[in-house]
Amino acid sequence: MPDLLLELFSEEIPARMQRRAAEDLKSLVTNALVDAGLHYEGAKAFATPRRLALHVAGVPAASSATREERKGPRVGSPEKAIEGFLRGAGLTSLDEATIQADPKKGEFYVAVIEKPGRPAIDIIADFMPGIIRNFPWPKSMKWGSGQMRWVRPLHSIIATFGPETEEPDVVPFEVDGIKAGNATRGHRFLADEAFEVRRFDDYAPKLEKHKVVLDADRRKDMILHDAKDRALALGLELVEDEGLLEEVAGLVEWPVVLTGNFEEAFLDIPDECIRLTIRANQKCFVLKDPQTGRLANRFVLTSNIEAPDGGKTIVAGNEKVIRARLSDARFFWETDLKTRLADNLPKLDSIVFHEKLGTQGERVQRLTALAAEIAPLVGADVEKAKRGATLAKADLVSSMVYEFPELQGQMGRTYAQKQGEDASVAIAIEDHYRPQGPSDKVPTDPVAIAVALADKLDLLTGFWAIDEKPTGSKDPFALRRAALGVIRIVLENGLRLPLQTSLLSALKTHKASVADANALVEDLLSFFADRLKNHLKDHGARHDLIDAVFALGGQDDLLMVVKRVEALGSFLDTEDGKNLAAGYKRAVNILKAEEKKDGSAVTGKPHADHLREQAEIDLAAAIDSARSEAADAVKAEDFEAAMTALSKLRAPVDAFFEAILVNADDADLRLNRLRLLAEIRDAAHVVADFSKVAG
C-alpha cells in the first residue's frame, strides 16, 4: 500500500513547541485520512529546529465508494422540513428521493446518497492546505507580503505519495505560493544544499548524510551518552536534567557535545545557584564530583556544528558568558548574606499577595498564627513553628530569588542555616512549599509539617473566602494541588489532624463571620473529599467507598477516613461482606418503597412482643449485639473489628429474608418487621453508608 511523506521546512521552531507540533501534525493528518475513509497502518511524526515531518504508512490508494440511505420527513410534511431534508441530502427536488412505507408511521421520503471512491492523493491535496493554514501554533507570525501565519517563515513543503514499488507522486497542492514538492535542505551550516527525496525510507538517511538527525529522541540519547562519556573521562558525573535535555535536543539538528570550565572560586556559591545560572543563561549541563557530591568547576555544552578547531572557540565563548553570569550570582549571594532574613520582613509589606487577600507581610502574620495552632496537633514545638512561619517568605525579597524565583525556599533555608537559625526552622522555610507535585516528597520534620499545613490551609481558606474557587479545568491559584498537598502530608506522616477545626482556625485569620465560616468549611470539606477520591483512586481504592464513609457526616480526620475505607474495601471483598451488602440493599429498598407509600420514615424500636418467628427473633438479637460491638470498635478506631462485628449479621439477615414475609397482613406485625429492616440499616451506618456502595 502507498505511504505518505510530509515535511514542513521553515526557519527555527522554538524548542518548547516542537514535540507538541509534531503530534498535532500527526493527529490532524491522520484524523483527516480516517474521516475520508482512508484507514492507514501506522504513523510517526518528527521535529527538528527547522522542520516538522510525518510518515504515514499503509494508506489505501483510493477511498471506497459509499451508499447511504437517509430517512427524511413524512410525505405531506411542512415545506420547511422538506427543504431542510433536501438541503442536508444534497438533493435539488423531491423527484430525486424515493418514498418508503412504514406500517406504523406512514410514508417517508428517503434519499439515497451515493459517493464514488476518490484517489487518496486528491483527498490529501484537498485537506492539506487547510491543515497548514490553520495549524494550532501557540504563537504565529506573518512575513513578507503573504497572508498565511506560521510559527516562523515557511520555506518549502515535501508531500510525496505512492507505493514502495513505484516512483511516488508529489501531492498537488499549494499554500500561499509555496508548492508541495519533493526537495528539502540539510543542516544550515554543515550541508545547506537542496536535495530531492522519494519516500521516508530514503528521506531519513539522506537527512543524516546532510547532517540532520531527524528523531528528537535519538538526538537526546546522543547528547546524554556523549555528555556522560565526557564526564567519565574527567572523573566526574553528569547532573542529569530531563527538561534541559529536551530543550537542548530541540536547539540542534547535529548535536556535538563539548566541555568547558570556570574558576574554582565560584564553587563558594551554592550548587543550585551555579546550576541554574549555567542552565538558564547558556543551556549547559553541570558536572559533580562523585567523591564529595558537590559540583565541579566544569560544564557540558551542546553545539549544533562540527567546528574546524574542534570547538575551542565555541567553548571559550560559553566560558566567557558563564564567568560573567556566575560573577553576578556571587554578587547576589554575598549581598544577601549581609542581610538577616528577619530584616527582610518589612519589605514583604509592599508586595501584594492578592488584591483581596492583602500583602505577603499580612500573609506571614496569618501563617504565624495558624502554624502556632497546628503545631501541637502534629507534635511540633510551637515557638519553632512560629519562627519558621515568620521567616518562610523572607527570601522572596532576596537578590538571588529575584533572579531565580524557582530557588524560593531553598535559598531561605541556606540563608537561615548560615545565620544560625534552628535546624528545624531552616528546614521549614524550604519544605513548607512541598509537595509541589505528585512526585515531590512531603515534609517530615514536625516544624516543617506545621508551617506547610498552615501555608496550604491559608491559601485554600483565603481563596474560598473571596469566592475564587477552581472551576472546571481552571485552577489559577493551584488550589487543587494545595488540597492534595494537605492530604499527602497527613496520610504519609500518619497524622491525626482535625481538618474542620484547622479550617475554622484558618478562616478566623481571614476574619470570616461564624455563619460564613461554617458554610465555607462544609464546602471545603467536600472539596477535600473529591481530592481524596482522586488520590485514593490512583492507589487502587474505590471512590464509592469514600462516598460511603463521607456520607456519615463529620468525617474530617483524613487518616481515619482512609483506614475506614481500607477496612470497608477488604470487608466487601469477602463473601460475608458481599452478602451483607446485598441484604442491606434489599432491606433499604423495601423501606424506601414503604416510606414512599406512607410519606413518612419508619422509626422506633421493634417491639419484642411482635417478634413471633425464630428468624426475626434471632435477627433482632444479632443486630443488638453487632451494633454494640461495631460501635465500640469504631470508638477504638479498630475498623477491621467493626467490619467483623457486622459480618455476624450475614447469616441472620439471610435467614430472615428466606423465612419471613415483611409485608404481612397484620399491620402491627408489618410495622415491627419494617423496624427490624431499619435496624439493619442503622447498624450498618455505624461503619459506613452502604447505600453509596456500587454494585
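User: Let's start with Glu 492. Which helix is Glu 492 found in?
Analyst: Glu 492 belongs to helix α16. Keep in mind as we go that this is a predicted model.

User: Is Glu 492 buried, partly exposed or exposed, and why?
Analyst: Its relative accessibility is 47%, so Glu 492 counts as partly exposed.

User: And how far apart are Glu 492 and Thr 444, in sequence and in space?
Analyst: In sequence, Glu 492 and Thr 444 are 48 residues apart. In space, they are 8.7 Å apart, going from C-alpha to C-alpha.

User: Nice. What volume does the largest pocket have?
Analyst: The largest pocket comes to about 460 Å³.

User: How many residues line the largest pocket, and which lie nearest its centre?
Analyst: There are 20 lining residues. Nearest the centre are Arg 363, Tyr 433, Asp 455, Leu 459 and Arg 481. The elements giving two or more residues to this lining are β17 (352–354), α10 (360–374), α15 (446–465) and α16 (479–492).

User: Which element gives the most to that lining?
Analyst: That would be α15, with four residues.

User: What kinds of residues make up the lining of the largest pocket: how many nonpolar, polar and charged?
Analyst: The lining has 12 nonpolar residues, three polar ones and five charged ones.

User: You mentioned Arg 363. Which ring does the charged end of Arg 363 sit over?
Analyst: It sits over the ring of Phe 353, at 4.6 Å from the ring's centre. Elsewhere, Lys 71 lies over the face of Phe 108, with 4.4 Å to the ring centre.

User: On to rings, then. How many aromatic pairs are there?
Analyst: The count is 12 aromatic pairs. One of them is formed by Trp 137 and Trp 150, and that pair is edge-to-face, with 5.1 Å centre to centre and 85 degrees between the planes.

User: Where in the chain are Trp 137 and Trp 150?
Analyst: Trp 137 and Trp 150 are each in the loop between α3 (120–133) and β7 (154–162), 13 residues apart. Both of these tryptophans are buried.

User: What about Phe 463 and Phe 477: why is that pair stacked?
Analyst: The ring centres of Phe 463 and Phe 477 are 4.1 Å apart and the planes are at 15 degrees, so the pair counts as stacked. Phe 463 is in helix α15, while Phe 477 is in the loop between α15 and α16, 14 residues apart.

User: Buried or exposed: how does Phe 463 come out?
Analyst: Phe 463 is buried, at 2% relative accessibility.

User: Which residues do ring pairs link into a cluster?
Analyst: Phe 46, Phe 200 and Tyr 203 are joined into a cluster by ring pairs.

User: Now the backbone. Which peptide bond is cis?
Analyst: The bond from Arg 434 to Pro 435 is cis, with omega near -10 degrees. Pro 435 is in the loop between α14 (423–431) and α15.

User: What is phi of Ala 478 near?
Analyst: Phi of Ala 478 is near 55 degrees, a positive value in a residue other than glycine. This alanine lies in the loop between α15 and α16 and is partly exposed, at 22% relative accessibility. Asp 176 also has a positive phi, near 50 degrees, and is found in the loop between β9 (174–175) and β10 (178–181).

User: Let's switch to Val 171. Where is Val 171 found?
Analyst: Val 171 is in the loop between β8 (169–170) and β9. With 0% relative accessibility, Val 171 counts as buried.

User: Which residues is Val 171 in contact with, leaving aside neighbours within four places in sequence?
Analyst: Its contacts are Leu 4, Ile 121, Ile 124, Ala 125, Ala 159, Thr 160, Phe 161 and Ala 180. As for Ala 120, Val 171 is 51 residues from it in sequence and 9.6 Å from it in space, C-alpha to C-alpha.

User: Last one: why does Arg 627 count as buried?
Analyst: The cut-off for buried is under 20% relative accessible area. Arg 627 has 18% relative accessibility, so this arginine counts as buried. Arg 627 is in helix α22 (residues 614–635). Not counting residues up to four places away in sequence, Arg 627 touches Lys 605, Glu 679, Asp 682, Ala 683 and Val 686.

How values were computed:
Residues numbered from 1 in each chain as written. Predicted model: local features only at pLDDT ≥ 70, side-chain atom pairs only at ≥ 80, totals over all residues. Heavy atoms only, no water. 1 Å grid on protein atoms, 1.4 Å probe; cavity = no way out; pocket = protein on both sides within 12 Å on 5 of 7 lines; lining within 4 Å. Points joined across faces, edges and corners; volume = space filled by probe spheres on them. Nonpolar A, V, L, I, M, F, W, Y, C, P; charged D, E, K, R; others polar. Phe/Tyr/Trp six-rings, centres within 6.5 Å; stacked < 30°, edge-to-face > 60°. Buried < 20%, exposed > 50% of the residue type's maximum accessible area, 1.4 Å probe, protein only. Lys NZ or Arg CZ within 6 Å of the ring centre and 35° of its normal. Contact = heavy atoms within 4.5 Å.
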